[in-house]
Every structure is written in C-alpha cells, then in structure tokens.
Amino acid sequence: APQRVAWRLKDSRVERLTWSGTDAAPREEPVATAVLSPVAALAFRFLDPKSLEWRPSWSLPGNDEGLPAAVEMTLTLASGEKIVRLVDLPPP
C-alpha cells in the first residue's frame with residue numbers, strides 16, 4: 001500500500017519518517033527511525049521534466065505538476081566524505 005515517507009537530518013543522524021497513511025491528519029506525528037550517523041549534511045534536488053533544470057524543492061502531491069524526472073540525494077558524512085545518489089523516475 002502507498003505510504004507517506006520523508007527523510008530528515010536531526011542531531012547528526014539521518015532519520016526516515018513514516019506516517020500511517022498517505023493522507024494522514026496534519027497533527028499526526030510520524031514514526032522516526034534512525035538510519036545513519038554521524039552525518040554532517042543531507043540535501044535533495046529534483047529535475048524538472050519540462051525545463052530539465054534542477055530545483056531545490058518539489059511541490060506537494062495532488063497538484064498538476066506530476067513527478068520530477070529524477071531525484072538527487074547528497075549525503076555528507078561527518079568525516080567529510082560525500083555520497084551522491086541519483087534516482088531516475090519513469091515518465092508519466
């Protein structure tokens with residue numbers, strides 16, 4: 001089943017946030033699970049399929065913008081090493 005998921009950097013660790021459903025109530029607190037530490041920075045950017053330009057954020061679900069063409073994650077470890085992952089998304 002679809003699930004709402006988010007990622008955040010908190011107290012030098014990457015956390016995966018999950019909610020009970022995709023349209024969870026605004027006041028519902030997510031469940032946080034630590035997945036990696038120590039981390040200095042976590043950044044995402046999104047490739048616009050129309051302009052082919054990278055954007056620092058993407059709109060909320062339910063709008064007419066659709067999905068980005070790709071998502072890039074850059075993780076900077078506390079040691080200074082960078083890990084970059086690029087996920088190519090299928091066209092609509």
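Asp48 and Arg55 form a salt bridge in which the closest N and O atoms are 3.1 Å apart; the term denotes a side-chain nitrogen of Lys or Arg within 4 Å of a carboxyl oxygen of Asp or Glu. The structure is a predicted model, in which local features need pLDDT of at least 70 and side-chain atom pairs count only at pLDDT 80 or more, while totals for chains, interfaces and linings use all residues. Residues are numbered from 1 along each chain as its sequence is written, and side-chain values use heavy atoms, with hydrogens and water left out.

**Salt bridges**

By the rule above, the model contains 4 salt bridges.

Strands, like helices, are DSSP runs numbered from the N terminus, with at least two residues (E) for a strand and at least four (H or I) for a helix. Glu72 is buried, at 14% relative accessibility, and Arg45 is partly exposed, at 33%.

Arg13 and Glu15 also meet through their side chains in a salt bridge, at 3.0 Å from N to O. Arg13 is partly exposed, with a relative accessible area of 28%, while Glu15 is buried at 4%. Both residues belong to a network of salt bridges that also includes Arg8.

| Pair | N to O distance |
|---|---|
| Asp48 and Arg55 | 3.1 Å |
| Arg13 and Glu15 | 3.0 Å |

**The sheet**

Strands of a sheet pair through backbone hydrogen bonds, either parallel or antiparallel. In this model, 3 strands form an open sheet in the order β1-β2-β3, with antiparallel pairing. β1 and β3 stand at the edges, each with a single partner strand, so one side of each is left without a neighbour in the sheet. Direction ignored, neighbouring strands of this sheet are turned by 30 degrees against each other on average; the axes are lines fitted to C-alpha atoms, for helices over the stretch in contact, and angles run from 0 to 180 degrees between N-to-C directions.

Two strands count as paired if DSSP finds at least two bridges between them. Between the antiparallel strands β2 and β3 there are 5 bridges. Arg16 stands opposite Thr33 in β3.

**Backbone features in the loops**

The loop between β1 (5–10) and β2 (13–18) contains Asp11. Although Asp11 is not a glycine, its phi is positive, at about 55 degrees. Asp11 is exposed, with 61% relative accessibility. Ser12 is located in the loop between β1 and β2, and its phi is also positive, near 65 degrees, in a residue other than glycine. Ser12 is partly exposed, with a relative accessible area of 42%.

Another loop, between β3 (31–36) and β4 (39–47), holds Pro38. The peptide bond that joins Ser37 and Pro38 is cis, with omega at about -5 degrees.

Note on methods
Buried < 20%, exposed > 50% of the residue type's maximum accessible area, 1.4 Å probe, protein only.
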